[in-house]
Amino acid sequence: RGKPLAPDVSLKTIAKSTSGFTGADLENLLNEAALLAARNNLKAMTQENIEEATIKVVMGTEKKSHVVKDEDKRITSYHEAGHAVVSYFLPTQDPVHQISIIPRGMAAGYTMYLPDEDHGHISKNRMLEDICSLLGGRAAEEITQDDICSGASNDIERATELAHKMVKKFGMSDRIGLVSLGTGDNEVFLGRDFSSTPNYSEQLAALIDDEVKNIVMTQYDRAKDILRENIDKVHIVAQQLFENEKISGDDFRAIMEAKAE
């Protein structure tokens, strides 16, 4: 209300990219988009304004003035290329919408996906492929660089957390079985970590740790296999990111679908 939309705005695309947003989130997003339009002397919000506002709300403000060394820029380019290329070959993963190596918030870069549809239930296979996609960045670093860096810490944390949920909460481990393990991780009160004790033995705890590690490392190896099989695409995507800093979803798919000369 009171915020005119330009003819190029696709409400369907906005709906896909804002899945899970509350009313307050959407209001915040449109306020940001209106400010961006006003700064560019536009009389209506464009699709570009809304997409930029969406990323800003989720990831933080672009740090365009932040000076990034070429070495760090190259590592980030391969890291994000790894995420994008791995997810492209995983059937359950959403299409890539945009890839960027411009720092935002605490992130050195990001790969943004656009869901085809809402997922009411998440299958075991999708969770495994989520983990594989999350680890694609670190896998690309290991394959293409002389070293690995700390940039994948959040990806590793999220992948490990998801593997823990599969084993302890969702009954998705054949070795552990259909049992719910833990003491209520969702409870929030001071001193929870000190007063809570597991409701299972140390032997089972060791088995859980082993199963979580097995899930994560299996998917990490899978990510590396995908990247090695498509290393030419990884190099092209990373080079495009290094030179242009951003790649749209359409341009990324064009690279992936192009036949080798």
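**Secondary structure.** I counted eleven helices and three strands in the chain, taking both as DSSP runs numbered from the N terminus (helices: H or I, at least four residues; strands: E, at least two). From the N terminus on, I read the order of elements as α-α-α-α-β-β-α-α-α-α-α-α-β-α.

**Ground rules.** I am working on a predicted model, where local features need pLDDT of at least 70, side-chain atom pairs count only at pLDDT 80 or more, and totals for chains, interfaces and linings use all residues. Residues are numbered from 1 along each chain as its sequence is written, and side-chain values use heavy atoms, with hydrogens and water left out.

**Whole chain.** I looked up burial and found that 42% of the 261 residues are buried. Buried means under 20% relative accessible area, exposed over 50%, and partly exposed in between (1.4 Å probe, protein chains only). I then took contacts (heavy atoms within 4.5 Å). Among those between residues at least 6 apart in sequence, 71% join residues at least 24 apart.

**H4 against H6.** I checked helix H4 (residues 70-88) and helix H6 (residues 136-144), whose axes come within 7 Å and cross at roughly 125°. The axes are lines fitted to C-alpha atoms, for helices over the stretch in contact, and angles run from 0 to 180 degrees between N-to-C directions. H4 and H6 are therefore oblique to each other; under 35 degrees counts as roughly parallel, over 145 as roughly antiparallel, 65 to 115 as roughly perpendicular, and the rest as oblique. On the H4 side I listed Ile75, Tyr78, His79, Gly82, His83 and Val86 as making the contact, and on the H6 side Gly136, Gly137, Arg138, Ala140, Glu141 and Thr144.

**Gln145.** I placed Gln145 in the loop between H6 and helix H7 (153-168). Leaving aside neighbours within four places in sequence, Gln145 is in contact with Ile75, Tyr78 and Ala140.

**H5.** I found helix H5 (residues 124-134) mostly covered, with nine of its eleven residues buried. Among them are Arg126, Glu129 and Asp130, along with Met127, Leu128 and Ile131. The cover over the buried residues of H5 includes H4, strand S2 (110-113), H6, H7 and helix H9 (202-229).

**Gly2.** I located Gly2 in the segment before helix H1 (11-17). Gly2 counts as exposed because its relative accessibility is 78%. I also noted that the C-alpha atoms of Gly2 and Ala34, 32 residues apart along the chain, are separated by 10.0 Å.
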